[in-house]
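Here is a short tour for anyone who likes to think in atoms and surfaces. Have a look at the model first, and then we can walk through it together.

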Amino acid sequence: MRDGTVAEIQADSAAGGPMVRASMTMNPDQASIAAEILRQTAERGDGKSICPSEVARALAGEGAWRPLMGPVRQAAVALSREGAVEILRKGKPVTPEEVRGVIRLRRPVQA
């Protein structure tokens, strides 16, 4: 993966690249976090959502995931701005500027 844009992450995934489960680490970079968000939302399927804490737990393990919540939310906002994921609040899509409180993430709904 080069600079970690959504298109590159998706292309690497199609080629069997780094979209496979990221290794557990305390300091994953934004590209690794974004890849894990995309992997989990794709795995969950259309119309279904994931909790950002699922991403943090997958990257850091069960005991040390809470410090990753801020970086996971930041990666989710970046992916939302690129159109790669939707951020949900109370079950409804919100813009990146409206993100606050409890959120969930899903693949964009195709019209």
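## Surface and burial

Accessible areas here come from the Shrake-Rupley method with a 1.4 Å probe. On that basis, the protein exposes about 6,200 Å², with carbon and sulfur atoms supplying 51% of it. Please keep in mind that this is a predicted model.

How much of the protein is buried? Buried residues account for 45% of the 111 residues.

## Fold layout

The protein is built from four helices and four strands. Read from the N terminus, the order of elements is α-α-β-α-α-β-β-β. Taking contacts between residues at least 6 apart in sequence, 49% join residues at least 24 apart.

## The nonpolar core

The largest nonpolar core holds 24 residues, and those touching the most other members are Ile-33, Ile-37, Val-55, Val-72, Leu-79, Ile-87 and Leu-105. At least two residues of this core come from each of helix H2 (30–44), helix H3 (52–60) and helix H4 (69–81). H4 gives the largest share, six residues.

Setting aside neighbours within four places in sequence, its contacts include Ile-37 and Ile-87, along with Thr-41, Lys-48, Ser-49, Ile-50, Pro-52, Ala-76 and Glu-86.

## A loop residue at the surface

Between H2 and strand S1 (49–50) runs a loop that contains Asp-46. Is Asp-46 buried or exposed? Its relative accessibility is 60%, so Asp-46 counts as exposed, the cut-off being over 50%.

Asp-46 and Arg-107 are 61 residues apart along the chain, yet their C-alpha atoms are separated by 6.3 Å.

Key: Residues are numbered from 1 along each chain as its sequence is written. This is a predicted model: local features need pLDDT of at least 70, side-chain atom pairs count only at pLDDT 80 or more; totals for chains, interfaces and linings use all residues. Side-chain values use heavy atoms; hydrogens and water are left out. Buried means under 20% relative accessible area, exposed over 50%, partly exposed in between (1.4 Å probe, protein chains only). Contact means heavy atoms within 4.5 Å. A nonpolar core is a set of buried Ala, Val, Leu, Ile, Met, Phe, Trp, Tyr and Cys residues joined through side-chain atoms within 4.5 Å.
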